[in-house]
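User: I would like to learn how to read a few features of a protein model. Please take them one at a time.

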Amino acid sequence: MKEEKKLKIVLFTGYACNNNCAFCIDADKRAFPQKTTAELLRETARASRKGAYILEIIGGEATIRPDFTRVVAAAKALGIPQVACATNGRVFADPAAARRIARSGIDSLIFSVHGPDARTHDALTRAPGSFAQLKKGLANLRALGFKRISGNTTVVKQNLAALPALAKFYIRNRINNVEYIFVDPNYGGAKNDFEKLVPRIAKAAPAMRRALALGRAAGLDQWKARYVPLCHFKDCLDQISEINEREIFFTEHWAPDFVNKDAIASRAAVGRRKTARCRGCLLYASCEGLWTEYLKNYGDAELKPLRAL
Ligand code: SF4
């Protein structure tokens, strides 16, 4: 019997951030008011009542809020099985903050790493010192015995060549779950600066596949690629995030400026598109195609419909 899908609620605390990533989807939303502590606690209780299996707390950067650990602790006290946070990792450079958060009850942390070194990472975060802080944060969490750390990387023109070195960084740091995320140019920084940031999928895909292969060679087969047309990943379809998540989760997004009751379906229906070239492709049913803004700028000539297995 097929297992029932689990409910994942992504709870946005607001868009304030101590980084300033060039590609950030929220780049134009910084001025939105942050949610209050009372709002977050109310929403956490509502998530629990709805039966959320995962509560993922994100910003902006949620860990810079003084009430962050209070919200995590409240979620755990309500019995939400998995409470996670996607973070730029800088706050964890402070050993006291790392200890406070590790002991809040948080189940897992997802570190966003956009390059294997300060030169690449800091150029994208536009926050000097952010890579050094992230590395120190990882070390502090390890020293505390906190091991449930994942990674994600937004793939842009500026870090394509560095993806193999970044894979080695993840391997050295024993990060078992990593997502290489093809940049979303539908909103924010990558939309505003498309030409500068968004790589052609024909160039990005080989670099992403190579990173996945390095992970597999190191025994890390849970690494994934996200937001990609499947024709460029046909030898690693079991490592595509959106195929996996569709089978496992219903995902709701609760942001300060919108609520999306089915984030997975609306991304496939509105955010990404297949084109006339895709007709007859054997991967059509499981593929979401390319970002709409990508197609507007670069067209669909790189899509390669699969006609035979
Ligand atoms: S040709 Fe279209 S449907 Fe087929 S894998 Fe590529 S993007 Fe997806």
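User: How do the residues of the shell around the ligand divide by class?

Analyst: Ala, Val, Leu, Ile, Met, Phe, Trp, Tyr, Cys and Pro count as nonpolar, Asp, Glu, Lys and Arg as charged, and the others, Gly among them, as polar. In this shell, 10 residues are nonpolar, one is polar and two are charged. This is a predicted model, in which local features need pLDDT of at least 70 and side-chain atom pairs count only at pLDDT 80 or more, while totals for chains, interfaces and linings use all residues. Residues are numbered from 1 along each chain as its sequence is written, and side-chain values use heavy atoms, with hydrogens and water left out.

User: Which residues come nearest to the ligand?

Analyst: A residue is near a molecule if one of its heavy atoms lies within 4 Å of it. Of the 13 residues around the ligand, C231, C278, C281, C287 and P305 come nearest.

User: How many cavities of 30 Å³ or more does a search of the whole structure find?

Analyst: Rolling a probe the size of a water molecule over the atoms shows where empty space is left. A cavity is a set of points, on a 1 Å grid over the protein atoms alone, where a 1.4 Å probe fits but cannot get out; lining residues have an atom within 4 Å of a point. Grid points are joined across faces, edges and corners, and a volume is the space filled by probe spheres set on the points. The search finds one cavity of 30 Å³ or more. The largest cavity has a volume of about 80 Å³, and its space is taken by the ligand. For a molecule to sit in a cavity, more than half of its atoms must lie within 2 Å of the grid points. The lining of the largest cavity has 13 residues, with C231, C278, C281, C287 and P305 nearest its centre.

User: How many disulfides does the structure hold?

Analyst: A disulfide is a covalent bond between the sulfur atoms of two cysteines. The test here is a pair of cysteine sulfur atoms within 2.5 Å. The structure holds zero disulfides. For C24, the nearest cysteine sulfur is that of C21, 6.3 Å away. For C85, the nearest is that of C17, at 11 Å.

User: Is C85 buried or exposed?

Analyst: Buried means under 20% relative accessible area, exposed over 50%, and partly exposed in between (1.4 Å probe, protein chains only). C85 is buried, at 0% relative accessibility. C24 also counts as buried, at 15%.

User: Where is R126 found?

Analyst: Helices (H or I, at least four residues) and strands (E, at least two) are DSSP runs, numbered from the N terminus. R126 is in the loop between helix 4 (118-125) and helix 5 (130-143). Its phi is near 55 degrees, a positive value in a residue other than glycine. R126 is partly exposed, at 45% relative accessibility. R174 also has a phi near 55 degrees; R174 lies in the loop between helix 6 (163-172) and strand 6 (178-182), and at 54% it counts as exposed.

User: Which residues does a cis peptide bond join?

Analyst: The bond joins G59 and G60, with omega about 10 degrees. G60 lies in the loop between strand 2 (54-58) and helix 2 (68-77).

User: What separates the C-alpha atoms of S241 and R226?

Analyst: They are 15 residues apart along the chain, and 5.1 Å separates their C-alpha atoms. S241 is in helix 10 and is buried, with a relative accessible area of 4%.

Note on methods
1 Å grid on protein atoms, 1.4 Å probe; cavity = no way out; pocket = protein on both sides within 12 Å on 5 of 7 lines; lining within 4 Å.
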